[in-house]
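Have a look at the sequence and the 3D structure below. Then we'll walk through a loop, a helix and a core.

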There are 2 protein chains.
Amino acid sequence: MEELIEIGKRAKKAAGQLGNLNTEQKNKILMRVADLLEEQADAILKANEKDLEMGREMGLTGAIVDRLTLSRERISGIAGGLREIVQLDDPIGEIEEMKKRPNGLLIGKKRVPLGVVGVIYESRPNVTADVAGLCIKTGNVCVLRGGKEAFQSNNSIVKIFHEAIGGLGLDQHMVQLVQNTDRESAVAMMKLNDYLDILIPRGGAGLIKAVVQNSTVPVIETGVGNCHVYVDEAADREKAVAIVYNAKTHRPGVCNAAESLLIHRDVAESLLPLIGKALAEGGVEIRGDETTCRLIPGAVPATEEDWGTEYLDLVISSKVVGSVEEAVEHINHYGTMHSESIVTENYSHAQYFLDRVDAAAVYVNASTRFTDGFEFGYGAEIGISTQKLHARGPMGLRELTTNKYVIYGSGQIR
Amino acid sequence: MEELIEIGKRAKKAAGQLGNLNTEQKNKILMRVADLLEEQADAILKANEKDLEMGREMGLTGAIVDRLTLSRERISGIAGGLREIVQLDDPIGEIEEMKKRPNGLLIGKKRVPLGVVGVIYESRPNVTADVAGLCIKTGNVCVLRGGKEAFQSNNSIVKIFHEAIGGLGLDQHMVQLVQNTDRESAVAMMKLNDYLDILIPRGGAGLIKAVVQNSTVPVIETGVGNCHVYVDEAADREKAVAIVYNAKTHRPGVCNAAESLLIHRDVAESLLPLIGKALAEGGVEIRGDETTCRLIPGAVPATEEDWGTEYLDLVISSKVVGSVEEAVEHINHYGTMHSESIVTENYSHAQYFLDRVDAAAVYVNASTRFTDGFEFGYGAEIGISTQKLHARGPMGLRELTTNKYVIYGSGQIR
């Protein structure tokens with residue numbers, strides 16, 4: 001697709017400049033964008049209103065409209081996020097493991113930008129500013145392909161980036177928004193190997209699967225979380241109820257929310273009714289195995305499909321297991337390698353769970369809701385990787401970099 | 001393809017066991033394999049002879065036959081390689097950046113195996129043992145899909161792994177060789193997302209491109225090296241001649257050999273004849289631009305295609321440039337981001353080259369031939385990554401691992 005090849009060429013060119021800016025210069029861009037976002041909030045809200053109008057005509061549902069809607073507060077929040085990125089350490093340029101080899105070569109591993117980062121995302125306009133901000137701080141050019149439903153909002157935000165970048169005499173193409181929001185532009189991005197170094201899909205399971213299946217550009221798979229809480233026979237009762245309740249109800253629509261409860265049969269009789277009561281009060285529908293349905297009034301029978309489902313809603317599946325081994329086996333079979341938690345006071349069970357569960361984040365006695373760049377102390381997040389290559393778990397600034405070996409010689413040959 | 005799904009299932013199962021062996025147990029396997037390789041060298045050589053016979057019938061050429069041929073010495077070399085892997089530190093289990101968050105959560109980044117590593121490779125049977133050895137040491141199950149031409153040799157080596165693993169009472173399926181060597185088995189491997197965590201192609205540019213284009217399993221792109229040596233106006237004359245000669249002729253068939261010479265116009269008149277003479281004595285064909293052809297007797301005119309070609313042979317392209325900037329631009333345009341070298345005594349030119357060339361390894365005053373796991377001090381190498389994701393440059397043990405966040409809580413909820 002012609003538009004994308006043009007974007008790609010301009011991105012490559014801008015990458016040479018952006019990758020060699022120093023931290024001060026990059027921070028200056030971010031501060032300027034933050035100021036302009038607040039100054040021009042009216043224009044952004046006007047653009048957002050256009051998107052919302054069209055969304056209403058298209059019959060978009062409540063949750064999408066909510067994600068799409070901007071307000072003066074949300075815009076201030078976006079600006080505040082950029083100012084926080086300014087405060088973070090710049091990973092670029094650091095040289096690790098510099099060492100002198102026996103032949104006198106001095107070899108170091110220098111942290112450098114990836115180059116050009118592509119992101120395909122859905123309704124949330126704040127992603128536009130978050131991604132562009134993280135990319136600028138790490139010296140990466142970004143190519144943003146947002147959803148049709150947020151196009152006007154995204155465009156108004158990218159215009160502000162252009163104003164800030166251009167105002168500093170730099171190449172505006174370090175941030176580019178794909179103007180074509182048809183399916184074909186997403187497909188074209190997935191084949192843009194000559195210009196993109198990495199492609200990150202952010203959105204629902206359908207989008208992510210399509211990108212993983214079709215992209216020849218290296219992809220970082222993010223976000224799908226069929227997360228479990230396993231309540232062990234040696235669980236502390238109060239912690240068990242609190243953690244299950246929090247992991248499910250604190251924010252049910254996000255990837256680190258729990259979707260499935262596993263509980264040891266020796267404590268099912270005494271604990272499931274308590275957990276069931278708490279969840280019911282939180283408005284949660286419970287889909288359970290036979291024992292769950294017997295012990296929790298109102299629970300409905302689960303099907304095989306339920307064990308593999310990420311509801312992203314006030315629904316949870318529930319199953320009784322015979323041992324921590326069985327719990328781990330169930331999790332490794334049905335889970336999406338995102339976040340998994342055991343509630344137990346038994347040392348060996350805790351260690352077994354930590355060792356054997358194959359996931360980005362494995363918890364003992366804590367809610368799965370903590371898997372998050374901010375909670376982990378990275379100060380920012382471009383997504384949560386559920387794959388094993390390059391990055392696993394919350395991706396901060398460092399995960400937007402790669403290395404380059406720099407070798408200082410004095411005439412060495414082999 | 002049925003065979004691969006079976007292999008995949010067995011691999012997943014074996015991964016649970018192998019990933020939790022301690023270093024001593026893994027080393028025991030490797031030592032036993034090394035001993036058996038030497039004890040059973042006759043059987044391996046017999047199998048190798050079968051491959052060679054069939055190769056001769058198929059009319060394989062000299063270089064492939066050479067890579068395919070085993071000898072008692074080569075087998076000892078393979079065994080020695082495994083014993084060296086035993087000596088290396090085991091990266092698995094190490095926990096990095098363990099920190100206490102303000103809410104009391106103790107969060108650490110634990111180094112864990114990738115899981116199941118697939119490798120598609122061509123004629124060299126030593127790759128079978130090297131890859132299996134590196135994978136066992138890092139707790140990874142490997143699925144090996146070697147070339148048809150080396151099948152008997154590969155099979156005899158894998159049998160020895162099975163004997164060693166089985167003899168220790170462990171699951172032999174931690175090392176598996178795909179029995180079908182048709183194209184379809186390679187294609188099936190590229191779609192084996194449910195069982196493979198990573199796929200590494202090792203071989204010629206054609207194989208690597210096919211895997212990158214068609215695999216839905218995350219790929220690490222390796223090996224293609226269109227490497228340059230740039231002789232700057234401020235180059236030391238002796239170093240320039242020695243480095244160009246070494247980078248081109250030391251081992252022309254490997255990926256870190258130089259394929260292209262760039263030289264500043266101010267030193268072309270005085271240096272090109274010297275370099276040309278040395279290369280000619282080394283039997284190197286020179287394909288040059290106009291100035292090169294004028295200054296080096298016997299040089300033939302280069303075409304546009306030459307600038308982008310990895311010859312892997314005693315051929316080099318040669319071009320005169322006007323500045324270090326032009327050299328860098330040429331390299332970033334035609335190079336494959338592998339290994340690039342500048343010969344100069346000028347500090348600013350050296351720094352500019354190091355900063356601006358976009359490659360896995362960038363050298364000042366040294367031969368490109370040093371890009372290698374052993375030369376870099378890693379003691380082993382599974383390939384040289386030319387992509388930016390996950391690993392860039394020589395990949396050692398650490399690059400066969402990923403991380404898992406382990407979080408110790410005491411009832412934390414959000």
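Let's start with A:G253, which sits in the loop between α10 (237-249) and β8 (258-264) of chain A. Helices (H or I, at least four residues) and strands (E, at least two) are DSSP runs, numbered from the N terminus. Keep in mind that this is a predicted model, where local features need pLDDT of at least 70, side-chain atom pairs count only at pLDDT 80 or more, and totals for chains, interfaces and linings use all residues. Residues are numbered from 1 along each chain as its sequence is written, while chains are lettered from A and ligands numbered from 1 in the order in which they are written.

Is A:G253 buried or exposed? A:G253 is exposed, because 12 other C-beta atoms lie within 10 Å. (Buried takes 20 or more other C-beta atoms within 10 Å, exposed 12 or fewer, and partly exposed is in between; C-beta atoms are placed from the backbone.) Along the chain, A:G253 and A:L312 are 59 residues apart, yet their C-alpha atoms are 4.2 Å apart in space.

Here are the contacts of two residues, meaning C-beta atoms, placed from the backbone, within 7 Å. Neighbours within four places in sequence are left out.

| Residue | In contact with |
|---|---|
| A:G253 | A:A63, A:L312 |
| B:V244 | B:V229, B:V231, B:A258, B:L261, B:I275 |

B:V244 also turns up in the largest nonpolar core, which has 252 residues; A:V244 and B:V244 have the most contacts inside it. Such a core is a set of buried Ala, Val, Leu, Ile, Met, Phe, Trp, Tyr and Cys residues joined through C-beta atoms within 7 Å.

Now for α7(B): its buried residues include B:F151, B:I157 and B:F161. Among the elements covering them are α2 (23-39) and β4 (141-145) of chain B.
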